[in-house]
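Subject: Handover of a structure and notes on its contents

Dear colleague,

Please find below the structure that I am handing over to you. My notes on it follow directly after.

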Amino acid sequence: MRTHRLSIVEARRIAVRAQLLDDVRPAGLLDTVRHLTLLQIDPTAAVAPTADLVAWSRLGAAYAPADLVGALAKRDLVELTATIRPAEDLALYRAEMSETQHRREWVLANDACRRDILARLTAEGPLPSRVLPDTCAVPWRSTGWSNEQNVTRLLEAMSVRGEVAVAGRLGRDRLWDLAERVYRDEPAIPLDEALRRRDSRRLTALGIARAKTTNVPIEPYDVGEAGEPAVVEGVKGTWRVDPAQLDQTFTGRTALLSPFDRLIHDRRRLLEIFGFEYGLEMYKPAAKRRWGYYALPILQGDQLVGKLDAAADRKAGVLRVHAVHQDLPFDRAAVDEEIAALAGWLGLVRA
């Protein structure tokens, strides 16, 4: 198999197009999520929840958050480990669920509590974690915010084991139920085949990625042997590229991205291909932030050109724009138009 030789511009355009951020908008929410493979869940909503921001940046005004709520209610989409995924993709995770030994010793030590939770869910159906019995014999210990959140930690471990699943939400509370009532009754795909197909699906969504890179939680950045080998001008090492993305025309547009957008999530790839420095600064003291609490990367064409520091003030009915940071020269009118579109989608006025 020959190694493809790509310019840095070609590599950027492959990545942007694969993430559905070129000038061709996808058909709808389900098509979008099926192609991207996931929407990440994060509770921060300084502008809007990240799953909604990712969908809006692809679909524009055609997307409404109610679309996502409806797709989850119909189980066309399901929650799995801090992500929203197409229901049919769960077959790619079932074998891994059955084999996992996640937090094995702690879960075994609290097996009585686990059985109490399963019995309560069996009898009553979807429930929030706060009403489930905490009969844990061994508390969950952590130096962070999750210390002694026994039931929540146990539910998440049981979710990874394929015993329970998120069946919906009541406000910001997850509603838990037996996994067999939430997931489609489809046979698990054998683990080796499932991992291969997940790599292939991930490469389709990313366009270009490393075969192997740093391990990260939730969703890997690497794609194994999926696709075909490629080298990128001026960048060390070999990549894997989706051959379907080669030799395609490209017309870009301006887009505002969630801080958790998959185009920018792999910071190493972000620097190597886009030359763009970015970090989420909401956990930093205000005096040490360069770009803002929840700055949105600005995409224009095939380049990431700046960051938007903005916040939705819903009580006042305004989108407060604190700063527009410029990394590269950009079309300010197009950026202002996209900010106005964001404010309009949120039902706010730019301030």
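Two strands are said to pair if DSSP finds at least two bridges between them. Helices (H or I, at least four residues) and strands (E, at least two) are DSSP runs, numbered from the N terminus. The structure is a predicted model, in which local features need pLDDT of at least 70 and side-chain atom pairs count only at pLDDT 80 or more, while totals for chains, interfaces and linings use all residues. Residues are numbered from 1 along each chain as its sequence is written, and side-chain values use heavy atoms, with hydrogens and water left out.

Sheets and strand pairs

Strand 13 (residues 303–313) and strand 14 (residues 318–326) run antiparallel and are joined by eight bridges. Within this pair, A312 has L319 of strand 14 as its bridge partner. Both strands belong to an open sheet of five strands with mixed pairing, in the order 11-12-13-14-15. Strand 11 (254–256) and strand 15 (349–350) each have a single partner strand because they stand at the edges, so one side of each is left without a neighbour in the sheet.

Elsewhere, strand 6 (residues 164–170) is joined to strand 7 by six bridges, and the two run antiparallel. V166 stands opposite W176 of strand 7. The hairpin of strand 6 and strand 7 has two residues between the strands, and G171 takes a positive phi near 65° there. Strand 7 (residues 173–178) also pairs with strand 5 (residues 127–128), in the antiparallel sense and over two bridges. In that pair, P128 has L175 as its bridge partner in strand 7.

Domains

The domain assignment, which is automatic or taken from a database, divides part of the protein chain into domain 1 (94–181) and domain 2 (190–245). Their C-alpha centres lie 32 Å apart.

Helix 10

Helix 10 (residues 191–206) has 16 residues and reaches 22 Å from its first C-alpha to its last, close to the 22 Å expected at 1.5 Å a residue. The expected span is 1.5 Å times one less than the number of residues. Its buried residues (under 20% relative accessible area with a 1.4 Å probe, protein chains only; exposed is over 50% and partly exposed in between) are A194, R198, R202, L203, A205 and L206. After helix 10 comes G207, with a positive phi near 85°.

A pocket is an open set of points on a 1 Å grid over the protein atoms alone, where a 1.4 Å probe fits, with protein on both sides within 12 Å along at least five of seven lines; lining residues have an atom within 4 Å of a point. The second largest pocket has a volume of about 230 Å³. Its lining holds 15 residues, and L6, E10, I14, L246 and D247 lie nearest its centre. Strand 1 (4–6) and helix 1 (8–18) each supply at least two lining residues, and helix 1 gives the most, with five.

Which residues of helix 1 are buried? They are A11, R12, I14, A15, V16, R17 and A18. E10, also found in helix 1, is partly exposed, with a relative accessible area of 39%. E10 and D247 are 237 residues apart in sequence and 8.8 Å apart in space, C-alpha to C-alpha. Helix 1 is followed by L20, which has a positive phi near 60°.

Yours sincerely

Note on methods: Grid points are joined across faces, edges and corners, and a volume is the space filled by probe spheres set on the points.
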